[in-house]
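Please keep the sequence and the structure in view while reading.

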Amino acid sequence: MANYALRVPESLFEYARKVAQDEKVSMNQFFVTAIAEKVSALKTEAYFRERMARGDDAAFDAWLDASPALPPVAGDDLRG
């Protein structure tokens, strides 16, 4: 486990303290969870950007063109 001294503006710190109290967690747990959520969001964004870069619009269009032109199965139609 690593330690890191964190400088936090007083107004943000007080808000974080209130949220941590409301959630019944320590300030340390609150900050660790907040950091984990941000890291997760950034990793998810990177994953989908990488997947998007591998996409092939022409292959997708060919796949759609090969799909039969049938009406939706009962219960699977769009309702407006």
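A helix, as the word is used here, is a DSSP run of H or I with at least four residues, and helices are numbered from the N terminus. The model is a predicted one, and in it Asp65 has its place in helix α3, which covers residues 57-66. Is Asp65 buried or exposed? Because a residue counts as exposed when its relative accessible area is over 50%, Asp65, with 67% relative accessibility, is exposed. Asp65 also belongs to a patch of negative charge on the surface, where it gathers with Asp56, Asp57 and Asp61.

Other charged side chains are found in salt bridges, of which the structure holds four.

| Pair | Distance (N to O) |
|---|---|
| Arg17 and Glu14 | 3.5 Å |
| Asp22 and Lys18 | 3.0 Å |
| Arg49 and Glu45 | 2.9 Å |

Within helix α1, which spans residues 10-23, Arg17 and Glu14 are three residues apart, about one turn of the helix. Asp22 and Lys18 also both lie in helix α1, where four residues, again about one turn, separate them. In helix α2, made of residues 27-54, Arg49 and Glu45 are likewise four residues apart, about one turn of the helix.

Definitions and conventions
Residues are numbered from 1 along each chain as its sequence is written. This is a predicted model: local features need pLDDT of at least 70, side-chain atom pairs count only at pLDDT 80 or more; totals for chains, interfaces and linings use all residues. Side-chain values use heavy atoms; hydrogens and water are left out. Patches are made of residues with over 30% relative accessible area and no salt bridge: like charges are joined within 9 Å, nonpolar side chains (Val, Leu, Ile, Met, Phe, Trp, Tyr) within 5 Å. Accessible areas come from the Shrake-Rupley method with a 1.4 Å probe; for residues, only the protein chains shown count as cover. Lys and Arg count as positive and Asp and Glu as negative; His and the chain ends are not counted. The place of a charge is taken as NZ of Lys, CZ of Arg, CG of Asp or CD of Glu. Helices (H or I, at least four residues) and strands (E, at least two) are DSSP runs, numbered from the N terminus. Buried means under 20% relative accessible area, exposed over 50%, partly exposed in between (1.4 Å probe, protein chains only).
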